[in-house]
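Please have the sequence and the model open as I speak.

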Amino acid sequence: MSLVLGERALHVNGDLQTARRWFDAAYRQAEQSGDPIALALAALGLGGRWAREHRTSAESEQVRTRQSRALSLLDPSSPPALRLRVRLQGEDDYRNGTHDGILRLLREARDSGDPLAVAEALNLAHHCLLGPEHAALRRELAGELIGLAVVTERRSDLLMGLMWRTVDLFLAADPHAERCLEELRELLREHGDLAVGYVLNAIEVMLAVRAGRFDEAERLAGECFERGVKAGDLDATGWLGGQLGAVRWFQGRAAELLPGLRDLASSPTLSPVDNSYLAGLALVAAVAGDHRLAAGHLARVRGRDLAELPRSSSWLVSMYFVAETAHLLQDAGTAARAYALLSPYAGLPVIGSLGVVCFGSVEHPLGMAALTTGDLDLAVRHLRAAVQANLALGHWPAAALSRCRLGQTLALRDGPRDGAARAELAAAAREARDLGMALPGVVGSAAGRAGEARRTCRFLRDGRHWRIELGGRVAVADHSVGMGHLAALVAHPGREILAADLAAGTWSQEGEGSSAQPVLDDLARDSYRERLTQLQAEIDELEEMNDLERASALRLEREWLVAELAAATGIGGRARPFAGGEERARIAVGKAIRRALARIAGVDPVIGEELRASVHTGLRCCYRPR
């Protein structure tokens, strides 16, 4: 009875946790009764649906011992013995990052004519072939498993085959992958399967991230985690970490992940061939500014040779993190090695596991690696291709990020005033603002240039927002009086500016000024009004052309100019002077700067803390980078 209940839980309901309990009970009963066939079937059931379903060393060795013992009691030529050998070989190949053994046993299973052995060999072989170089073979295996389900009459074989086909289409960036996903969804509506439904939920989280719906993606990730726990899938914690990591990466908040990722990277529930969390820890540490920790973890991932990293389902994600970390650390050697290894897969998306996360096209890390090695022409080609590939994927955050990096690279190559660079950066800023992203700053293509970027901060005005860049980190904050003061100080590191001059907006190159001066002089006000007239004409023309997106962007600029004029003029349109003496200016400027620093720290604590330590206020204010 326990065997029947275990088979139902595993192959009908996809309830891995319940199945393990029943098969454990069945194994103990078979031991007591001395039934070798029942012992073998129970040992097979303990293996579950996935390769290395028992992740801790203790659990996996206990299951392996039970399977080996059951095999020793069987006729070697019997079907149960073949199925056990398939399971044991599949587990070995998966753990070692190989596949020759399971493919050999797949051929043997086909020759035997046992459909159950063939189905199980197909499934396990698929696990062992999830590297990017085996796409065509995986599709053949998935198709064979779907067809074989008619013979085995096990619904789980049909669902697993269709699930593998769906995953394979996403891994190959097939434009029709979502059709197969919908077919799988329809089958699950007829009768649920916890294990396959969990994978489908994970793909839905990935698609929400691609669409830039970050809040929805976080909610779906939580629901997906609950589904995984209910199914008894030990990947639940790791997948949740990956999903939230992708959201935070594209939001520009990766540094927040550092504490939790330290624990997750050493979790015994992770796959033995999964190095993506360790590589992710190196990247997050680099983003957080802890370059020593980042370099240490990058060295662990790199090992003797980066080429020795197992080509598992997480390999592309690991390599993406390696390329990004190498860029932040300006490690040209690692970047060059990553470029060579990734080059054959430029046309693929960076997807982790069974569609759990997607970081966009492989063209992006290729572009970042080329940028790090100083080949700006090559970087531009790859990043331009990345923008197009990410648009084709419907991955809007990845497209915005690649566009940002493309603009930065064009500016490095052709100068910051280059029209193409400015256009790409402006487009990326608009996309990021719409999606709620904070884009990264320029690290540079040479170590010296990167060192300068890490030492000083930059403030860039974008309509009603400020973009604050520091050492590869980026924060976006709303405009305020204090932000304007900070921007003036940061633009002139080491120079003291009178608080009264900051308050009045009249500080000069010599640091002299008068608090009786107007916030905006006549020339500035006339310039603002002229621009307002020009903007209104452009807005009217764009609306007539039904170009609502560009009209909306210009309308934001117009609203900001109106607000600036209103703040700078008094009754009757007269210039409004800053009232009070030096002490009142000191107090007002100090309060405004502290409020701005608190706002920045709320977006990015690392940048906020650095600015708090390097911005000094008083009668004279100064920015002294550490």
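Before anything else, a definition: Ala, Val, Leu, Ile, Met, Phe, Trp, Tyr, Cys and Pro count as nonpolar, Asp, Glu, Lys and Arg as charged, and the others, with Gly among them, as polar. With that in hand, and bearing in mind that what you see is a predicted model, we can turn to the residues that line the largest cavity, which divide into eight nonpolar, five polar and seven charged.

That cavity holds about 250 Å³ of space, and it belongs to a count of five cavities of 30 Å³ or more. Its lining has 20 residues, and those that lie nearest the centre are His11, Gly48, Arg87, Glu120 and Arg154. Two or more lining residues come from each of α1, α3, α5, α7 and α9, and the largest share, four residues, comes from α7.

Let us stay with one of these residues, Arg87, which is found in helix α5, residues 79-96. Is Arg87 buried or exposed? Its relative accessible area is 7%, which is under the 20% limit, so Arg87 counts as buried. Setting aside residues up to four places away in sequence, Arg87 touches several others, including Gly48, Trp50, Gln67 and Leu124.

Trp50 brings us to the largest nonpolar core, which has 127 residues, and Trp50 is listed there among those with the most contacts inside the core, together with Met163, Trp164, Trp249, Phe250, Leu354 and Phe359. Helix α11, residues 194-210, gives this core its largest share, 12 residues. A second, separate core has 29 residues, including Ile497, Ala500, Cys621 and Tyr623.

Now for the charged pairs. Side chains of opposite charge can pair when their charged atoms come close. The count here comes to 33 salt bridges, and one of them joins the side chains of Arg403 and Glu431, at 3.0 Å from N to O. This pair links distant parts of the chain, 28 residues apart, with Arg403 in helix α21 and Glu431 in helix α22. Arg403 is buried, at a relative accessible area of 13%, whereas Glu431, at 24%, counts as partly exposed.

Another salt bridge, between Glu469 and Arg467, has its closest N and O atoms 2.6 Å apart, and both of these residues are buried.

Technical notes
Residues numbered from 1 in each chain as written. Predicted model: local features only at pLDDT ≥ 70, side-chain atom pairs only at ≥ 80, totals over all residues. Heavy atoms only, no water. Core = buried A, V, L, I, M, F, W, Y, C linked by side-chain atoms within 4.5 Å. Buried < 20%, exposed > 50% of the residue type's maximum accessible area, 1.4 Å probe, protein only. Contact = heavy atoms within 4.5 Å. 1 Å grid on protein atoms, 1.4 Å probe; cavity = no way out; pocket = protein on both sides within 12 Å on 5 of 7 lines; lining within 4 Å. Points joined across faces, edges and corners; volume = space filled by probe spheres on them. Salt bridge = Lys/Arg side-chain N within 4 Å of Asp/Glu carboxyl O.
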